[in-house]
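Take a look at the chain below. Follow the helices from one end to the other before you read on.

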Amino acid sequence: MMSNKRLYHIAISLVVAVMIWFSLILLSSLTSAPALKRFFEAFGGSFGGYVHAVIYTAFIFGLLEIIDYQKFIKKQNEGFKLNLLPVQDQLVLSPDEVAKIKLNVIDLEKHGFSFLLTDFVKRACTQYRNNQSISETLQVLHAQIDNSKTELEGRLEIARFLINAIASLGFIGTILHLAGSIGLFHLAKTEEGMPLITQSLNVSFDTTFIALFLGLILSYFYHRYLEDLDIFYSRTKSYIIDNLISRIYKPQ
């Protein structure tokens with residue numbers, strides 16, 4: 001079932017895309033400068049630019065989805081400010097101190113300080129308490145972090161689809177307008193026919209250009225999100241391993 005937030009993103013995308021499209025049509029009709037008019041038409045400033053409106057909808061929706069998850073990851077980085085684990089050099093932790101760390105994390109979560117990091121620390125402490133094995137605790141930590149990362153990456157499957165779909169929409173628009181241009185060839189010898197054919201050809205190639213341009217922008221934000229995701233999980237692993245697991249000392 002589609003989430004309310006995703007439905008909200010779709011609604012916003014549709015409204016903004018239609019507003020952009022009609023604004024471009026209005027600006028194109030009001031301007032008398034040929035170069036400026038051509039510029040507005042290139043971005044969909046004509047009633048034949050309906051494919052542009054679909055492309056804008058897909059682009060805005062994908063961008064909203066990616067920005068939403070980027071905000072989520074940035075918020076998760078606030079968990080490092082809680083100083084959940086000791087960072088002093090040469091410090092070792094006894095099993096009792098590991099248990100105390102878990103209790104402190106649970107107390108923080110009860111007060112609203114719940115992050116992915118707090119959950120990973122709590123689970124690592126719980127795993128060590130269960131079997132007193134540092135190696136198994138480390139293996140479980142790696143598995144939990146990898147699963148969490150895979151889940152977040154999977155949620156952006158729609159964004160990956162839209163990056164490819166936008167380019168495909170551009171080619172579809174090109175084919176449709178080229179077909180329309182071919183249908184106007186019988187007017188080529190008339191004074192009114194050539195401008196219509198030229199305009200249709202311009203729109204056909206403009207559609208592909210805009211689609212590829214917006215697809216590149218969306219792809220940039222998508223890979224920026226993946227970079228933030230990699231950095232967060234790499235930092236999380238290092239933080240827990242260096243300041244918790246590698247410090248545990250079990251007296252003989």
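This is a predicted model: local features need pLDDT of at least 70, side-chain atom pairs count only at pLDDT 80 or more; totals for chains, interfaces and linings use all residues.

Residues are numbered from 1 along each chain as its sequence is written, and side-chain values use heavy atoms, with hydrogens and water left out.

**The chain**

The chain has 8 helices and 0 strands. Helices here are DSSP runs of H or I with at least four residues, strands are runs of E with at least two, and both are numbered from the N terminus. Of the 252 residues, 40% are buried. Buried means under 20% relative accessible area, exposed over 50%, and partly exposed in between, with a 1.4 Å probe and protein chains only. Contact means heavy atoms within 4.5 Å. Take contacts between residues at least 6 apart in sequence: 78% of them join residues at least 24 apart.

**A helix pair**

Two packed helices are described by the angle and the distance between their axes. Helix α4 (residues 95-110) and helix α5 (residues 116-131) have axes that come within 9 Å and cross at roughly 145 degrees. Axes are lines fitted to C-alpha atoms over the stretch in contact, and angles run from 0 to 180 degrees between N-to-C directions. The table lists the residues in this contact.

| Helix | Residues in the contact |
|---|---|
| α4 | P95, V98, I101, K102, V105, I106, E109 |
| α5 | T118, D119, V121, K122, C125, T126, Y128, R129 |

**A buried residue**

F232 sits in helix α8 (residues 193-243). Why does F232 count as buried? Because its relative accessibility is 0%. Leaving aside neighbours within four places in sequence, F232 is in contact with I73, Q76, N77, F80 and L116. F232 and N77 lie 155 residues apart in sequence, but their C-alpha atoms are 7.0 Å apart in space.

**The largest pocket**

The largest pocket holds about 150 Å³ of space. A pocket is an open set of points on a 1 Å grid over the protein atoms alone, where a 1.4 Å probe fits, with protein on both sides within 12 Å along at least five of seven lines; lining residues have an atom within 4 Å of a point. The volume is the space filled by probe spheres set on the points, which are joined across faces, edges and corners. Which helix gives the most to the lining? Helix α3 does, with 5 residues. The lining includes S3, H9, F72 and R155.
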